[in-house]
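Take a moment with the chain before reading on.

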Amino acid sequence: MEKTVIILVANCRMQASCQKEVILEVPSMKGSKTPQSVSLVKSIWTCCVESVCEYSRLVFDLLTNKCQICVVVSDATKCMAINTWRDEDQELSRLQEGFQKFGMPVLVTPGDVPPRDPLVEGIRYGVTCLAQLNAPQFARVQDPLSEKAVNGGRIILMTYSEKKLEVTKELFCDFVMKENKSIVQSTDKARLLISTCDFVLVNVQTSLNTIEVTDSSGVTPSVTVTCHLQNVLAKDLYGHLVELAKVHFSLSSTIISGIPMKEDQSGGNSINYDVELFHHSEAHRDIYRAGYGIHARPDKAGAKKNVTLRWSSPKQHNLSEVQFCSSAYCVTPANVISRPTVCLVNFVLSGRAVLLEQPRRHGNSKIISHMLLSHKGAMYLHCMPQGKSALEEPPSMTEGEGGRVTDYRIADFVEIMNTNRFVPYKVPRTKIPHPLPLEEVSSQLERQTRVWPIVFSDSILVNLQQEVEPLLSCSTRLSISDDDYEKCKQIIVDLQNRETSNEPLLPSATSQKTKGNKREEQYQQLWTELEELLESHKGNSDRHNKLLEIVKVVSMEAPSNSSRPPKQSKVIESEIIEMEHCGQNRYHRNNDESSKVKGELLHDKSSHVQAVLQKEPRETVLSMWKKRSSRESNRVVFAGRMNSSHKKADLYKHLM
């Protein structure tokens with residue numbers, strides 16, 4: 001839970017005027033019906049108290065269970081905390097009661113020496129409050145099984161100082177170090193070391209030539225301190241604290257425009273008003289993604305600017321509309337005492353739902369993006385998803401673009417998910433096997449999907465799963481048993497027998513469509529895919545490598561590959577001998593086919609070896625050029641050039 005300490009230091013400068021008049025209407029004297037207007041000027045102290053209350057109100061309304069605030073007030077005679085970290089003190093009414101008890105600060109005239117320095121005492125007391133544990137931190141410290149509690153937060157110091165702000169920064173860092181040292185040396189369990197701290201010094205003044213903002217960060221022993229030094233005009237302090245709250249807690253604002261309200265003085269006509277609401281900045285995420293609200297990007301200070309949404313026709317509270325909302329965020333009004341805000345709050349709390357639409361661009365149709373609704377006495381801004389609802393049934397996997405049905409391997413994909421399902425299992429650290437189960441399963445998933453076509457039309461091998469099993473499943477394993485190894489070799493023999501007997505791979509009436517239609521193209525694609533599959537897994541074991549060599553030998557002189565040049569491969573003699581006995585196991589078709597395959601395999605081996613040994617050397621570029629030049633030298637030379645001395649023939653000499 002984030003903690004924020006606000007330190008309000010009062011000195012003799014706080015009684016100065018903020019140079020901003022406030023006009024109040026008071027009841028008129030007897031005999032006069034028109035109210036009288038009275039002009040008042042607020043002091044700097046009043047501006048500070050109002051700003052602190054507004055900053056705290058935003059946190060109390062929007063971040064009740066996430067952030068806590070503790071306010072410390074210091075003057076020349078006393079220093080006290082207005083509230084504590086207890087949950088019952090995290091209310092605006094407790095702050096107002098605390099300021100009432102503190103009363104007006106004791107101010108010392110300039111030139112007199114105060115009995116105590118309010119700035120030093122305020123910083124010391126504020127750092128001590130930040131070190132104190134709140135309820136969640138105390139519960140975590142008492143629980144030995146929970147994670148280690150980390151203490152950190154933010155301290156906002158508000159004062160009127162004519163000194164250099166760097167001096168105050170050094171004073172603050174010194175107090176943080178002293179507080180941590182005191183916690184280490186003491187046995188007080190109600191305090192915790194400060195690990196990180198964000199220090200914001202707001203120097204309130206009445207006149208400024210320029211408003212400067214200085215950010216710096218420093219690392220002291222065992223604590224990281226980030227400092228922000230700011231000079232602010234007293235009349236702009238209220239808005240400045242609101243912007244700080246938006247930056248600190250990632251808040252944004254939405255302006256609801258076009259709210260109809262009836263006015264008595266206008267003869268019953270309706271006048272439109274605008275109401276601003278604060279909420280978390282994530283409520284505008286969909287608007288930014290859709291391209292709307294470009295003007296609502298963060299400014300230089302990091303605060304989110306407002307986004308304007310238009311009031312739409314309200315509807316009765318209907319739960320069916322709430323189901324189409326993707327998220328909801330609590331909201332609080334910016335001006336709680338204005339008449340339009342009071343009317344809007346009463347309207348929503350009565351159970352009505354207000355639909356909000358995005359600003360229209362270039363004649364676009366109305367787009368409802370948000371809805372304002374109340375739950376248990378609090379208002380929430382609901383984000384409505386753009387396009388289809390996220391709660392609707394997702395489209396079928398077989399539906400492609402434009403409604404086209406594609407032949408995805410859905411059943412195979414489900415089988416892979418079931419065989420590679422991760423299940424958490426708690427074991428002692430001393431009994432964790434090596435390699436880790438997660439690494440082992442991840443490696444298995446990588447092997448199974450190394451060569452895995454997504455659709456049936458991209459592969460012939462996946463259309464023959466029933467005929468080539470267990471060759472497909474064994475190729476992705478780390479080892480192959482003796483029985484499976486014999487089965488895989490017999491499958492390769494059967495595929496070659498089918499090609500020799502001119503049997504089609506896929507029946508003509510099959511529903512699966514493949515890229516190759518001719519029988520030769522299908523077998524050529526089959527041997528290519530099978531070789532690619534075994535090539536990717538040849539490093540799993542020696543038997544994987546042997547199967548790859550067998551496939552290369554069988555497919556080398558296949559009828560479908562006759563148009564291609566023979567491939568060079570390392571043929572293992574023992575595998576050829578084992579292939580001779582493949583026809584004697586229980587998977588053979590008949591003895592004639594086995595002997596035929598045996599003879600073809602031996603003939604393929606001998607012919608391949610002879611082709612490799614008798615292969616002529618490749619022709620070089622020089623030899624090719626010599627042959628071409630020799631052919632050009634046989635060309636008949638022009639008779640006139642042969643009789644000429646300078647290789648130029650003189651034509652029509654008799655005419656000269």
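Are helix 3 and helix 5 oblique or parallel to each other? The model is predicted, so a few ground rules come first: local features need pLDDT of at least 70, side-chain atom pairs count only at pLDDT 80 or more, and totals for chains, interfaces and linings use all residues. Residues are numbered from 1 along each chain as its sequence is written, and side-chain values use heavy atoms, with hydrogens and water left out.

Now the answer. Helix 3 (residues 118-131) and helix 5 (residues 165-185) pack at an angle of about 45 degrees, with their axes 10 Å apart. The two are therefore oblique to each other. Angles under 35 degrees count as roughly parallel, over 145 as roughly antiparallel, 65 to 115 as roughly perpendicular and the rest as oblique. Axes are lines fitted to C-alpha atoms, for helices over the stretch in contact, and angles run from 0 to 180 degrees between N-to-C directions. Helices (H or I, at least four residues) and strands (E, at least two) are DSSP runs, numbered from the N terminus.

Turn to helix 1 and helix 2. Their axes come within 9 Å and cross at roughly 155 degrees. That makes helix 1 roughly antiparallel to helix 2. From helix 1, Trp45, Val49, Val52, Cys53, Ser56, Arg57 and Phe60 meet Leu92, Leu95, Phe99 and Phe102 of helix 2. The class count for this contact is 9 nonpolar, 1 polar and 1 charged.

The largest nonpolar core has 43 residues. Such a core is a set of buried Ala, Val, Leu, Ile, Met, Phe, Trp, Tyr and Cys residues joined through side-chain atoms within 4.5 Å. Buried means under 20% relative accessible area, exposed over 50%, and partly exposed in between (1.4 Å probe, protein chains only). Tyr55, Val71, Phe99, Met158 and Val202 have the most contacts inside this core. Elements that each supply at least two of its residues include strand 1 (2-9), strand 4 (67-74) and helix 6 (237-248). Helix 1 gives the largest share, 12 residues. Another core, of 29 residues, lies apart from it, with Val5, Val127, Phe199 and Val223 among its members.

Zoom out to the whole chain. The protein chain has 20 helices and 18 strands. Of its 656 residues, 39% count as buried.

Finally, the backbone. Most residues other than glycine have a negative phi, and most peptide bonds are trans. Serine 250 has a positive phi, near 55 degrees. Serine 250 sits in the loop between helix 6 and strand 10 (251-262) and is partly exposed, at 29% relative accessible area. Lysine 376 also has a positive phi, of about 55 degrees. Lysine 376 lies in the loop between strand 17 (368-375) and strand 18 (378-383) and is exposed, at 90%. The peptide bond from glutamate 469 to proline 470 is cis, with omega near 10 degrees. Proline 470 is in the loop between helix 12 (465-468) and helix 13 (471-475).

How values were computed:
Contact means heavy atoms within 4.5 Å. Ala, Val, Leu, Ile, Met, Phe, Trp, Tyr, Cys and Pro count as nonpolar, Asp, Glu, Lys and Arg as charged, and the others, Gly among them, as polar.
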